[in-house]
Structures are given as C-alpha cells and as structure tokens.
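This report describes one protein model in terms of its confidence, its strand pairing and its aromatic contacts. The structure is shown first, and the description follows.

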Amino acid sequence: MKEEEKGRRDFMGYALGACTAVGGLGALYAAKRTWDPLPSVKAAGFTTVDLSTAKENVLNVEKWRGKPIFVLKKSVDMKADARDVIVGSDRFHVSIGLCTHLGCIPAYEAEQHKFLCACHGGEFDASGRQIFGPPPSPLEIPPFKVDGTTLVLGEEGPEYKKMLADGLTV
Ligand code: FES
C-alpha cells in the first residue's frame with residue numbers, strides 16, 4: 001500500500017470514529033433529557049404554604065399532588081397533641097384532607113373544633129384523630145418540612161421524620 005493511500009485511510013478511520021463518538025454523546029444527552037423529569041414536574045412535587053398569615057381556628061385547604069391538605073392554626077384553648085406542627089410559639093394541625101374510612105373530604109366545624117365527614121358520619125378532632133364513626137385511623141399527615149414560617153409539603157423535614165418514627169403520621 002502506498003504511504004499516501006494509507007494516510008488517507010487512517011484519516012477516514014479517525015473521522016468516522018469521531019463522528020460516531022459525537023453521535024453517541026448526542027444520543028446520551030437526548031436520552032438523559034428524556035429521562036429527567038421536566039422542571040415543572042419537579043416543582044409540582046412540592047407545595048409551599050406561608051403560615052405567617054394563618055388565622056386561629058380557620059381551616060386553610062391547600063392542594064398537594066392533587067390532594068386536599070388541611071392546615072389549621074390551633075387556638076390556645078385547643079388541646080395540644082404530639083401530631084401538632086410547631087412553628088415558633090404557634091401550633092398547627094396539618095393533614096391530608098381525606099377521610100380514612102372511604103376517602104370523602106371532611107368539613108371543619110370551627111365551633112366544635114371537629115372535622116365532620118358527611119359520607120358516613122365519621123368525626124375527627126382538631127388534631128385529626130378519629131373520635132366517632134367508621135374511620136379506622138387519624139387523618140394522615142403528609143411529608144412536610146418547616147422552613148421558618150413556611151411549610152413545605154412533599155419534603156421530609158426532621159419534625160416529620162420524628163412523627164413517622166413515632167407512628168403518628170397515620
Ligand atoms: S368516608 Fe368518611 S365516614 Fe365514611
């Protein structure tokens with residue numbers, strides 16, 4: 001083989017190799033973009049709630065991952081509970097607002113400090129504990145984190161992890 005021809009073949013080989021490598025990287029990049037969740041999906045996993053404006057004994061219903069979330073600032077005359085979320089000197093009840101019997105959304109009766117489920121008469125106290133009727137367990141506590149006066153739903157902070165370890169979230 002002539003020296004000139006060999007050089008040309010080597011060059012073609014390198015060029016083809018380089019093209020393949022670039023193409024491979026491009027394919028990997030495209031695949032990663034496909035696998036990674038979209039920024040909007042990532043953001044949808046969390047809901048932040050400003051607790052600084054909450055009013056005592058007024059139920060605030062937020063939405064997290066398509067579920068209603070009850071956030072209730074307790075007044076001083078409402079019983080303290082190990083399920084309370086403490087923010088500064090305030091206590092909050094936070095739960096997924098779905099009855100643990102068959103999933104209806106209970107209503108909050110502010111005067112009685114109770115959640116009443118219209119479907120089959122289930123009742124929960126202001127800490128979300130079942131006190132009457134067919135609900136088999138308390139209102140579930142969603143993963144949360146307290147960040148200053150902001151409640152971050154969907155993130156497991158130390159307060160939630162402790163409740164989880166103590167078996168208080170369900
Ligand atoms: S769904 Fe609430 S009591 Fe049955």
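## Order of elements and basis of the model

From the N terminus on, the elements of the protein chain follow the order α-α-β-β-β-β-β-β-β-β-β-β-β-α. The chain thus holds three helices and 11 strands, where helices (H or I, at least four residues) and strands (E, at least two) are DSSP runs numbered from the N terminus.

The model is predicted: local features need pLDDT of at least 70, side-chain atom pairs count only at pLDDT 80 or more, and totals for chains, interfaces and linings use all residues. Residues are numbered from 1 along each chain as its sequence is written, and side-chain values use heavy atoms, with hydrogens and water left out.

## Confidence

The average pLDDT (the predictor's confidence in each residue, from 0 to 100) is 85 for the protein chain, and 74% of the residues score at least 70. Over residues 37–42 pLDDT stays under 50, and the model has one contact beyond four places in sequence for this stretch; a contact means heavy atoms within 4.5 Å. Where pLDDT is low, the predicted coordinates should not be read in detail.

## Burial, surface and contacts

The protein chain has 170 residues, of which 33% count as buried. Buried means under 20% relative accessible area, exposed over 50%, and partly exposed in between (1.4 Å probe, protein chains only). The accessible surface of the chain comes to about 10500 Å², and carbon and sulfur atoms hold 59% of that area. These areas come from the Shrake-Rupley method with a 1.4 Å probe; for residues, only the protein chains shown count as cover.

Among contacts between residues at least 6 apart in sequence, 46% join residues at least 24 apart.

## The four-stranded sheet

Four strands form an open sheet in the order β2-β3-β5-β4, with antiparallel pairing. The strands β2 (59–64) and β4 stand at the edges with a single partner strand each, so one side of each is left without a neighbour in the sheet. On average, neighbouring strands of this sheet are turned by 30° against each other, direction ignored; the axes are lines fitted to C-alpha atoms, for helices over the stretch in contact, and angles run from 0 to 180 degrees between N-to-C directions. Two strands pair if DSSP finds at least two bridges between them.

Strand β5 (residues 90–96) is mostly covered, with six of its seven residues buried. Five antiparallel bridges join β5 to strand β3 (residues 67–73), and three antiparallel bridges join β5 to strand β4 (residues 85–87). F70 stands opposite S95 in β5. F92 in β5 is the bridge partner of K73 and also of V85. A hairpin with two residues between its strands is formed by β4 and β5, and G88 in the turn has a positive phi of about 60°.

## The three-stranded sheet

A further open sheet has three strands in the order β1-β11-β10, again with antiparallel pairing. Its edge strands are β1 (47–50) and β10, each of which pairs on one side only. Neighbouring strands here are turned by 20° against each other on average, direction ignored. Between β10 and strand β11 (residues 150–153) there are four antiparallel bridges, and K145 stands opposite V152 in β11.

## Aromatic pairs

A search of the whole structure finds three aromatic pairs. Rings of Phe, Tyr and Trp (its six-membered ring) pair if their centres lie within 6.5 Å; planes under 30 degrees apart count as stacked, over 60 as edge-to-face and the rest as tilted. F70 and F115 form a stacked pair, at 5.0 Å centre to centre and 0° between the planes. F70 lies in strand β3 and F115 in strand β7 (residues 114–116), so the pair ties together parts that are 45 residues apart in sequence. F70 is buried, with a relative accessible area of 1%, and F115 is buried at 0%. Together with Y108, F70 and F115 form one aromatic cluster.

The rings of F144 and Y160 have centres 5.8 Å apart and planes at 80°, so this pair is edge-to-face. The pair links distant parts of the chain, with F144 in strand β10 (residues 144–147) and Y160 in helix α3 (residues 158–165), 16 residues apart. F144 is buried at 0% relative accessible area, and Y160 counts as buried at 7%.
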